[in-house]
Amino acid sequence: MADVSHHRGDLAGHPDASEMQARYERVLGGRDVVLVDGPVLLVGLYCAVSPWILHFSGAQPSLVAHNLILGIAIALMAVGFTVAPDRMYGLSGAMCAIGVWLIISPWIVGSSPDAGVIWNNVVIGVLTFLLGAMCVAAASKSRRAT
């Protein structure tokens, strides 16, 4: 009688293994989606709601609108990085610029900000800059691979 049981093990011997691997690489584009796009979305969402979390919405109304708009922009960029990475990763440098702007914005947009507001925007700005730099690296890596 023939052995028809399914053996669990390595797929290296599967006749379509190389084709499946190539398809997987093509779909992901050689980038780590979870390591970059997810944190970008979380930073953007936090930036958008941070005025209400830290309760500076009454004292700094101009920074409230500023953080809300930039947070939504960062979150939309994260969605774009996930949905259309080939087209959107060109904006990675803009995300670095947004990070630098978030660091200096409490003194430019706000009026005599307190330490909590300054630290909030500095931390969000540094994270945005670092994640933008990671996106730039991922974009240049995927361009070199193609």
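Q: How do I read a stretch of chain such as residues 91–110? How much of the span is helix, and how far apart are its end C-alpha atoms?
A: Check the helix share and the end-to-end distance together. Residues 91–110 are 85% helix and 0% strand. Their end C-alpha atoms lie 27 Å apart. Keep in mind that this is a predicted model.

Q: Which UniProt annotation covers this span?
A: The unreviewed UniProt entry carries the annotation "transmembrane region". According to that record, the annotation covers residues 33–53, 65–84, 91–110 and 116–139. Such annotations may be inferred rather than shown by experiment.

Q: What about the whole chain? How many helices and strands does it have?
A: Count the elements, then read them in order. The protein chain has 6 helices and 0 strands. Along the sequence the pattern is α-α-α-α-α-α.

Q: Which residues of helix 3 are buried?
A: First, the general idea. An α-helix has 3.6 residues a turn, so residues three or four places apart point the same way. Now the case here. The buried residues of helix 3 include Leu63, His66, Asn67, Leu70, Gly71, Ile74, Met77, Ala78 and Phe81.

Q: Take Ile74. Is this residue buried or exposed?
A: The cut-off for buried is under 20% relative accessible area. Ile74, in helix 3, has 1%, so it is buried. Beyond four places in sequence, Ile74 touches Val40, Gly44, Ile98, Leu102 and Thr128.

Q: And Ala94? Where does this residue lie?
A: Ala94 lies in helix 5. Its relative accessible area is 34%, so it counts as partly exposed. Ala94 also shows how sequence distance and space can be read side by side. Ile74 and Ala94 are 20 residues apart along the chain, with 9.9 Å between their C-alpha atoms. Met77 and Ala94 are 17 residues apart in sequence and 9.8 Å apart in space, C-alpha to C-alpha.

Q: How do I read contacts across the chain? What share comes from residues 24 or more positions apart?
A: Look at contacts with a separation of 6 or more. Residues 24 or more positions apart account for 67% of them. Leu102 is a case to follow. Leaving aside neighbours within four places, its contacts include Cys47, His66, Leu70, Ile74, Asn121 and Thr128.

Q: What is in the largest nonpolar core?
A: The general idea comes from soluble globular proteins, where nonpolar side chains tend to be buried together. Here the largest core has 17 residues. Val40, Phe81, Tyr89, Met95, Ile98, Leu102 and Cys135 touch the most other members. Helix 2, helix 3, helix 5 and helix 6 each give two or more residues to this core. Helix 3 gives the largest share, 5 residues.

Q: How many residues does the chain have, and what percentage count as buried?
A: The chain has 146 residues, and 34% of them count as buried. Its accessible surface comes to about 9100 Å², and 69% of that belongs to carbon and sulfur atoms.

Q: How many disulfides are there?
A: A disulfide is a covalent bond between the sulfur atoms of two cysteines. A search of the whole structure finds 0. Look at Cys135. Its closest cysteine sulfur, in Cys96, is 8.0 Å away, too far for a bond. Cys135 is buried, at 0% relative accessible area. Cys47 is also buried, at 0%.

Q: What is the phi of His55 and of Ser112?
A: Most residues other than glycine have a negative phi. His55 has a positive phi of about 60°. Phi of Ser112 is near 45°. His55 sits in the loop between helix 2 and helix 3, and Ser112 in the loop between helix 5 and helix 6. Both count as exposed: His55 at 69%, Ser112 at 70%.

Q: What does Ser50 touch?
A: Ser50 is in helix 2. At 0% relative accessibility it counts as buried. Beyond four places in sequence, Ser50 touches His55, Phe56, Asn67, Asn120 and Ile124.

Terms used
Residues numbered from 1 in each chain as written. Predicted model: local features only at pLDDT ≥ 70, side-chain atom pairs only at ≥ 80, totals over all residues. Heavy atoms only, no water. Buried < 20%, exposed > 50% of the residue type's maximum accessible area, 1.4 Å probe, protein only. Helix = DSSP H or I, 4+ residues; strand = E, 2+ residues; numbered from the N terminus. Disulfide = S-S within 2.5 Å. Contact = heavy atoms within 4.5 Å. Areas by Shrake-Rupley, 256 points an atom, 1.4 Å probe, with all protein chains shown as cover. Core = buried A, V, L, I, M, F, W, Y, C linked by side-chain atoms within 4.5 Å.
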